[in-house]
Protein chains: 2
Amino acid sequence: MRRSTATVSLSGTLRQKLQAIAAARFDGIELFEPDFVSFDGSAAELAAMAGDLGLTIDLYQPLRDFEGMPDADHARNLKRAERKFDLMQALGAPTLLVCSNTSPRSLGDAERSAAQLHELAERAARRNLRIGYEALAWGRHVKRYREAWAIVERADHPHLGLILDSFHTLSLGDDPSAIATIPGEKIFFLQMADAPILAMDVLQWARHHRCFPGQGQFDLETFLARVLRAGYAGPLSLEIFNDVFRETPNRRTATDAMRSLLLLESQVRQRLAREAAESDDGTARAASERVALFDPPAVPRLGGYAFLEFAVDDTAAEALAALLHAMGFVRAGRHRSKAVTLYRQGAINLVINAEPDSFARRRFVEHGPSVCAIGIAAADAERAVNRAVALQSARFDGPRGARELAMPAIVSPGGNLVHFVAGVGPGVDPIGADFVAADNTTPDDGSGLCHVDHVALGLSPDQLDTWVLFSRAVLGLEPGDSLELADPFGLVRSLGVADRGRSLRIVFNTSSSRATRTALSASASGGVAVQHIAFACDDIVATVRQMRAAGVPFVPISANYYDDLAARIDLGAERLATLRELGILFDRSADGDYLHIYTASFAGRFFFEIVQRVGGYDAYGALNAPARLASEAQAAERGG
Amino acid sequence: MRRSTATVSLSGTLRQKLQAIAAARFDGIELFEPDFVSFDGSAAELAAMAGDLGLTIDLYQPLRDFEGMPDADHARNLKRAERKFDLMQALGAPTLLVCSNTSPRSLGDAERSAAQLHELAERAARRNLRIGYEALAWGRHVKRYREAWAIVERADHPHLGLILDSFHTLSLGDDPSAIATIPGEKIFFLQMADAPILAMDVLQWARHHRCFPGQGQFDLETFLARVLRAGYAGPLSLEIFNDVFRETPNRRTATDAMRSLLLLESQVRQRLAREAAESDDGTARAASERVALFDPPAVPRLGGYAFLEFAVDDTAAEALAALLHAMGFVRAGRHRSKAVTLYRQGAINLVINAEPDSFARRRFVEHGPSVCAIGIAAADAERAVNRAVALQSARFDGPRGARELAMPAIVSPGGNLVHFVAGVGPGVDPIGADFVAADNTTPDDGSGLCHVDHVALGLSPDQLDTWVLFSRAVLGLEPGDSLELADPFGLVRSLGVADRGRSLRIVFNTSSSRATRTALSASASGGVAVQHIAFACDDIVATVRQMRAAGVPFVPISANYYDDLAARIDLGAERLATLRELGILFDRSADGDYLHIYTASFAGRFFFEIVQRVGGYDAYGALNAPARLASEAQAAERGG
């Protein structure tokens, strides 16, 4: 399929937008009128610029408040349209988007609307241009695609067709099924937008909160499948009004835009294949064969975190080693060729990288002691990387010494590496092979940590949608509920993503406040920082007792927390006393319990969480995060 | 009246919140449970801290999901309540807020609800505590104050009363009239919140977008008048859930909070006086006499901008003087005792302050060349300052030389000075008296500038509500419509405020993007910067011709703008050609036209606008701002 995006979807000057759109390998653009109105060049210059970048101008938009007007207004509107036709010819833009009238002056008489659109199409035809009519969800008389289609049908002009926009249909809860019955050649253009489900005025929703497919909650798969079954074979385009995208560096937005279309295409390809297999009416097969929908390698089965790699210098390496030792990790080996040490406990591998002149060192210099790479176990590591690259991630190949394993990696949004590690399951040790066993360590039972439960990232607000899409498209993870936590200096939003088997969980935290710790860590790291790593254990009381005895510093929890817990949940006096004594936090869902505790921050950069899941508890104890945040703020207050 | 605020209304740790609340001279607090749960001290310690600060703990809140539950839940709820009673006794908090049940388990049987609340009140009575029952706008069965009152009436217990919250009533569009019929002594507590009118889910609205009285669009005057006529004489409290306040320095928020209550009290005082004069039922008079409502000096009649003062060093002074000269200003005088020069044209006075070791110099060192003070002409300058001080502004008295006029000033939010200048109207020259006429200037007709049309401020997002309230309370200005403008790097919101006579107009621009020029200028100035000054003229074509001939640099406007203008509005070929030639922008409302042009930025800090209003046009041409913003971004792009 041809892929296109509206210029309004990205930030920057029009020139910068086009460069970013071309760099993400789009075929064309929708030109949003205000972008052209303030452009400091002529239509011919813009057409030449787009051509040089390999982009066509597929659509000029919008012409507002046109159809169904009193005669005097209509005469003025035709003059206005002729000026836009002049412009479109100079631009080489073949199609004009006319959105349904919102003016209180419009009369809402379908016959009049059809006649006026017919006249517009007739004038367009003289210049070999086309008119696409679109139902705005807040149009005064026409809100739904069926209403718009009825007018297009009645007008019956070869240069007049329908434009569909998933937002306008799905935001009204309208059923896209009937799209499949519209003749494909009468659908002139297709705009795909996703959005979070919000209970708000649809105009505000539309102007501020649309997002790319895969970042929201709309069922775009069904929508697009219906359009393709109708026979549509034109461009797949993105018209996204989003406050955050207006502020986000446009190269990243353009990458997200392309990634979102590729993911959607691959989903719809599978959907149409299923529909073709289930029915024999032939339209699903025909739809799938008509357009070459994108088909990336599938996500392989994931096996959780294979390792986490920390960028440090020698001083930080020593301090971190001491903390890990107190937490029950053993120094399991030294890297064959680098200043890299492996620490282990249970199935947890922590790689401490102090190698000068390395990727890790560059991250350390920029961001201080921090997680610079994660390893994800995958049944087929090469396929995982190939999928990521097909979905617009950059591959990373670092230097590799003799006898070292190939460990393919990609660059995640924000710059950290994601390695895919071959082999999933017990007994497989793809990490250890690169390391020489340490001779000064003895086997140790550790403190009872089993595996990495989750990794929490602090994201700047503009990175959240990027990461939701990256984790969904590249890693096949699905988002859970979005929660709000109160930090003393602003709200923090928290969203977990996980694979179906819950082997790989990532939590995204973001804050629009500039003063929360989440915002501070995200901004110190250029937008993405590992804030904490949660280790799972089976007996948190024993684990924390042992760690406390070894001197691991934990965030102190107010006694009032336990009084309140006692009022809320009947845990029994003894159990409550134990939690209170050890500073362990408690959460309960309908499915199970979550016990957890946070270590003090390491060098102000990250911390660890110890967690125990009981039963089917599937969240992250987010309601307890304010206890930690307030505790840290109060410690800072005392310190300052 | 006693004045109180909920701890959730401010940012910071609980200790910091209390300090800020006390500094703003509140009498008491509502303690929001999560603030206490994470507090690192005991209830007794908190009570002592509040006592040391002169604050009482007036309310503990909330106890949720209590009334109308099945028996087993009710038994658990009573145990939970007893634990909170223990706590309230230790805190010395007399009243507990029970908000209407939102649980799907609640049964919605009014008799059961009344009986359960009665039992709770009975237990509270044993400890000499009181229960206040409040209707949440999103309660499951009880949403409106009349429903809550019916249950309180039925329960009929002296320790059970009603809590009213303006948000919950006005967000539902409910009529507050019936409040006046509730016995005053059964209203246990009163929470005042304002909000912008938003078409969104009421829970989201309530949790994120409440604001202080005078910052939103609710009719709080009527609401409070009704409550006072009912006989209420308890605290006037603020429970404001607002995302921005959570991020705003809490000292400023506390000042805003107090200012909002004082303004509201003064409005309601006048309202009750009017009502008492108009009717003889006595309740209005009684209400007004029962509580001592705040009564500040009235806003005097304003006479526009008396002067604008720029903080500069010698280099900037020279460059600015050259620009002003090209714009047709004359150097009208030197200050009697300071390195300060006065430039004049029409009724415009611009003061260029290069005095070392002055307030202006301190502003210059921090923020570069910038407006550091404005003078506002007022019929009674001393009264204007007294009102400002009564409404929590700090008075500023600078050093004054012999023969210089007293010019009382206050510090506006963000730190610039606002002087009030005695005398309003033609022929009055309170500024000139401080200056020795320059002997090297000859009278000049200038370029046709008449007066200052408006001043536009760039505000950080957390300053907007502060400035809305400041301009309303201190200056008596009223806000117009809020608009959104597209900057290439994010949205900018623009809101104008003005006095009734339109002599004093201020425009606030704010952006949540960190990359727009508005955000950059606001953040460079610590949150508040004069972005531009608009001068009015009667013949913009002649004025701009003259200025262009004198070399004044203007922001270039794309030719596409004029093509689009021609398609939208029929101005006539000749007029359009003139606008195009001179780069003048055009806007039209139902009431008139607005012609305007922007100068290039001075030192990257501020710029000037030349405007001509035709007819009753009452806005600021905001729809043309994107043309300027895009032009500047494209200039920067070429430069970079």
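Which backbone oxygen does the side chain of A:S558 reach? In this predicted model, where local features need pLDDT of at least 70, side-chain atom pairs count only at pLDDT 80 or more, and totals for chains, interfaces and linings use all residues, side-chain values use heavy atoms, with hydrogens and water left out. Residues are numbered from 1 along each chain as its sequence is written, and chains are lettered from A and ligands numbered from 1 in the order in which they are written.

The side chain of A:S558 reaches the backbone oxygen of B:V37 at 3.4 Å; a polar contact is a pair of N or O atoms within 3.5 Å, where within protein one must be able to donate a hydrogen and the other to accept it, and residues adjacent in sequence count only if both atoms are side-chain atoms. The side chain of A:S558 also reaches the backbone nitrogen of A:N560, at 3.0 Å. A:S558 belongs to the loop between helix 17 (540-549) and helix 18 (559-568) of chain A; helices (H or I, at least four residues) and strands (E, at least two) are DSSP runs, numbered from the N terminus. Beyond its neighbours within four places in sequence, A:S558 is in contact (heavy atoms within 4.5 Å) with B:V37, B:S38, B:F39 and B:D40. A:S558 counts as buried because its relative accessibility is 12%, where buried means under 20% relative accessible area, exposed over 50% and partly exposed in between (1.4 Å probe, protein chains only).

Chain A also carries annotated sites. An unreviewed UniProt entry lists A:H454, A:H532 and A:E609 under "binding site"; UniProt positions are given in the numbering used here, feature names are shortened, and annotations may be inferred rather than shown by experiment. A:H454 lies in strand 18 (residues 449-459), and A:H532 in strand 22 (residues 528-537). Their side chains make a polar contact at 3.4 Å. Both residues count as buried, A:H454 at 1% relative accessibility and A:H532 at 6%. Leaving aside neighbours within four places in sequence, the contacts of A:H532 are A:H454, A:V455, A:A456, A:F607 and A:E609.

A:Q191 lies in strand 7 (residues 187-191) and is buried, with a relative accessible area of 0%. A:E239 occupies the loop between strand 8 (236-238) and helix 10 (250-278), and counts as buried at 5% relative accessibility. The side chains of A:E239 and A:Q191 make a polar contact at 3.4 Å. Not counting residues up to four places away in sequence, A:E239 touches several others, including A:E30, A:D165 and A:R210.

Helix packing can be followed elsewhere in chain A. Two packed helices are described by the angle between their axes and the distance between the axes. Helix 3 (residues 43-52) and helix 4 (residues 71-91) pack at an angle of about 35 degrees, with their axes 8 Å apart; axes are lines fitted to C-alpha atoms, for helices over the stretch in contact, and angles run from 0 to 180 degrees between N-to-C directions. The contact is made by A:A43, A:A44, A:L46 and A:A47 of helix 3 and A:L87, A:A90 and A:L91 of helix 4.
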